[in-house]
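I'd like to talk about aromatic rings to begin with, and then about the surface.

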Amino acid sequence: MKKTIRIYLNAPITIGFVLICLAVLLLDFITNGTTTRLFFCTYQSSLFDPFTYIRLVGHVFGHANLSHFMNNMLYILLLGPILEEKYHKKMINVILITAVVTGVAHVFISPNSALLGASGVVFAFILLASVTGREKGIPMTLILTAILYIGREIYTGVVSQDSISQLTHIIGGISGAVLGMSFKDR
């Protein structure tokens with residue numbers, strides 16, 4: 001008897017997010033960065049500029065280069081399907097809320113630099129994944145994950161001078177933890 005292998009769409013929100021990020025990366029390459037600067041990175045700009053509001057969400061889709069894209073998408077593809085199975089359509093809210101919160105925080109705290117990439121969403125997913133079992137109280141996995149990941153980001157932010165926004169990682173992680181603790185089971 002011949003066995004057929006079936007491929008199915010197990011995590012449409014996760015896969016959709018990854019495909020949008022890939023399309024934005026390709027647009028960045030084609031337009032030599034113009035589309036990314038205009039729509040997919042956030043920075044301080046006029047509140048009267050409608051693109052300011054688009055960028056507050058759009059920055060999570062833009063990436064500086066292929067390596068930056070690959071690093072974020074590997075985490076998204078690892079964690080997204082697991083989270084999507086548990087939280088289903090709430091995942092869109094996690095992505096959007098994390099994008100806006102990290103974008104607004106960045107504009108106020110680091111107004112002289114630009115922010116792009118899905119690392120805030122990655123950290124939201126990491127902390128969201130650790131809240132499993134929250135019905136019984138605050139899960140120990142959440143506490144340990146928060147200490148390790150957020151502690152590392154604070155340490156890295158103090159010790160190194162790189163172009164990585166540790167603040168976005170921390171705020172993204174806090175967003176994921178708070179959202180996860182607030183979700184009711186399906």
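So, a definition before we look: two rings of Phe, Tyr or Trp count as a pair if their centres lie within 6.5 Å. Keep in mind that this is a predicted model.

With that rule, how many aromatic pairs does a search of the whole structure find? The search comes back with four. Ring pairs tie Phe-39, Phe-40 and Phe-51 together into a cluster.

Now have a look at Phe-17 and Phe-61. Their ring centres sit 5.4 Å apart and the planes meet at 45°, so we call this pair tilted; stacked would need under 30 degrees and edge-to-face over 60. What I like here is that the pair links distant parts of the chain, 44 residues apart. Phe-17 belongs to helix 1, residues 12-30, while Phe-61 is in the loop between helix 3 (50-58) and helix 4 (66-87).

Are those two buried or exposed? Phe-17 has 4% relative accessibility, so it counts as buried. Phe-61 comes in at 15%, and that counts as buried too, because the cut-off is under 20%.

Which helix gives the most to the patch? That's helix 7, residues 140-159, with four residues. Met-181, on the other hand, lies in helix 8, which runs over residues 166-182. At 32% relative accessibility, Met-181 counts as partly exposed.

Methods
Residues are numbered from 1 along each chain as its sequence is written. This is a predicted model: local features need pLDDT of at least 70, side-chain atom pairs count only at pLDDT 80 or more; totals for chains, interfaces and linings use all residues. Side-chain values use heavy atoms; hydrogens and water are left out. Rings of Phe, Tyr and Trp (its six-membered ring) pair if their centres lie within 6.5 Å; planes under 30 degrees apart count as stacked, over 60 as edge-to-face and the rest as tilted. Helices (H or I, at least four residues) and strands (E, at least two) are DSSP runs, numbered from the N terminus. Buried means under 20% relative accessible area, exposed over 50%, partly exposed in between (1.4 Å probe, protein chains only).
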